[in-house]
Amino acid sequence: MRLDLTFLAETWPQLAQGVLATLAITAISFLGALVLGYGLTILRLSGRTGLQRAGNLYVALFRVIPELGVIFWSYYCLPILLGLALSEYTCGILALMAIGAAYASEIFRAGYNALPRGQMDAARALGLGNWQTWRLVLAPQILRRTMPALINCGIDTLKNSTLLAAIGASELAYQAYQIGNATYNYLAPFTFVAIVFFLIIFPLSLLSRHREAALQRQSR
Amino acid sequence: MYSIVSDLLPGFLTQYWLALAFAVLTSLKFLALGVGVGFTAGLGLAIAQLSPSPWLRGPVVALVELIRNTPLLVQLFWIHFALPALTGIGSSPERSAAIGIALSGACYFSEIIRGGIQGVPKGQRDAAAALGLSRWCIWSRIVLPQAVIDTLPALANTVLSFFKATSILSVIAVPELMMTSTRISARTGDPIGVLTLMTLLYIFVGALLTLMLHRVETAFKLRSTR
């Protein structure tokens, strides 16, 4: 059997929809994860024991539970617990956000802890206020230091978005599976999907490695 | 309000505990396969990645990048549904899962070990060669042990992430913990009880693994500093 690309002529609307859905799910989940992760980091650095423990427990839990487990739990249990009808997209995105937040929080916290203590004092000595210290001195440095890790976190969110196929969200992998089922030709759609993912993820991971190498050079 | 406690204990647990225990063992079986085969093959791939010959290095680097830069779910789908069309040999979920997780393990471990090898000072290899040690001896007794010990935390992390990844095998119907739990949940109509218990099982086994890996790590560190 050879790789027949004529299937693209008939199924491209479905595949294009899959690509768009995958990108949309990833973008929304990742942005949500960054915002949630930011809030979580503030809790964990707040210095209040109760909040700190709750934040740390959240991160520890979501790092050990399999992503698919969170997604299934969200899909089957959230609608019952909340008494709401939630779509597979909503449940899936909420799960991806919750997982991503734990990882993003770890990254932000590491970035904050890596800042030299003198930065805060120096900013204070210069008469900068809280907000100015944060916006002009701390935040840019944290962002630069954590950029490679944040890119990897985005890549993981993209990879995890394929797991929403398991709850029937019609993202790219699910569409390929549907096309395969309908045409009995699995080779072409799955090869196409693998190539699409590689073409998105590989440049991102090169970018992450490049940023990482640049940071290493600077710190030396 | 849904009462989790009253539904969690009786009912499905008395009926399905054996199925759940087997499911956990199946998850661990595939973890052992991914880590065992993956680590062993990863050692070889790591050396090949650093080979001076582009004919050896090129394909290995390409394979490692391909696997690390595509989602495992897509790889499993490809191996399970597309590969049989290419080879003409039918596959079972277990066989596809074994191929998928071992391949993925090999590539992720290879990348970590490669980093470890590059962290071992070049002088070590030169010194060993000057002492007249054979190439096999240089790699197996000097370079690889140091590369592995230096990267133990990253290796332990990868083992843990592969434990989580075994859940993805459920998408091609391997009866591991995730698959078994969703089946029990569908049969009993009690997703909250079953899936919460499943989550707790993953946390429990994951915590045990973390503890074990930590012990291995400290044991190796002690041995290497002695």
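Colleague: What percentage of the 226 residues in chain B do buried residues make up?

Modeller: First, the ground rules. This is a predicted model, in which local features need pLDDT of at least 70, side-chain atom pairs count only at pLDDT 80 or more, and totals for chains, interfaces and linings use all residues. Residues are numbered from 1 along each chain as its sequence is written, chains are lettered from A and ligands numbered from 1 in the order written, and side-chain values use heavy atoms, without hydrogens or water.

Now your question. Buried residues make up 47% of the 226 residues in chain B. Buried means under 20% relative accessible area, exposed over 50%, and partly exposed in between, with a 1.4 Å probe and protein chains only.

Chain B has ten helices and zero strands. Both are DSSP runs numbered from the N terminus: helices are H or I with at least four residues, strands E with at least two. The C-alpha atoms of chain B fill a box of roughly 70 × 50 × 25 Å along the principal axes. Take contacts in chain B between residues at least 6 apart in sequence: 75% join residues at least 24 apart. A contact means heavy atoms within 4.5 Å. The accessible surface of chain B is about 11200 Å², and carbon and sulfur atoms hold 69% of that surface. Such areas come from the Shrake-Rupley method with a 1.4 Å probe; for residues, only the protein chains shown count as cover.

Next, the rings. Rings of Phe, Tyr and Trp (its six-membered ring) pair if their centres lie within 6.5 Å; planes under 30 degrees apart are stacked, over 60 edge-to-face, the rest tilted. That rule gives 17 aromatic pairs over all chains. One of them, A:Phe198 with A:Phe202, is stacked, at 4.9 Å centre to centre and 15° between the planes. These two sit four residues apart in helix H8 (residues 187–219) of chain A, so about one helical turn separates them. A:Phe198 is buried at 19%; A:Phe202 is partly exposed at 22%.

Back in chain B, B:Tyr108 and B:Phe162 have ring centres 6.0 Å apart and planes at 75°, so they pair edge-to-face. This pair links distant parts of the chain: B:Tyr108 lies in helix H5 (residues 93–119) of chain B and B:Phe162 in helix H8 (residues 152–165) of chain B, 54 residues apart. B:Tyr108 is partly exposed at 23%. B:Phe162 is buried at 5%.

Finally, ring pairs link B:Phe77 and B:Phe81 with A:Tyr177, A:Tyr186 and A:Phe190 into a cluster.
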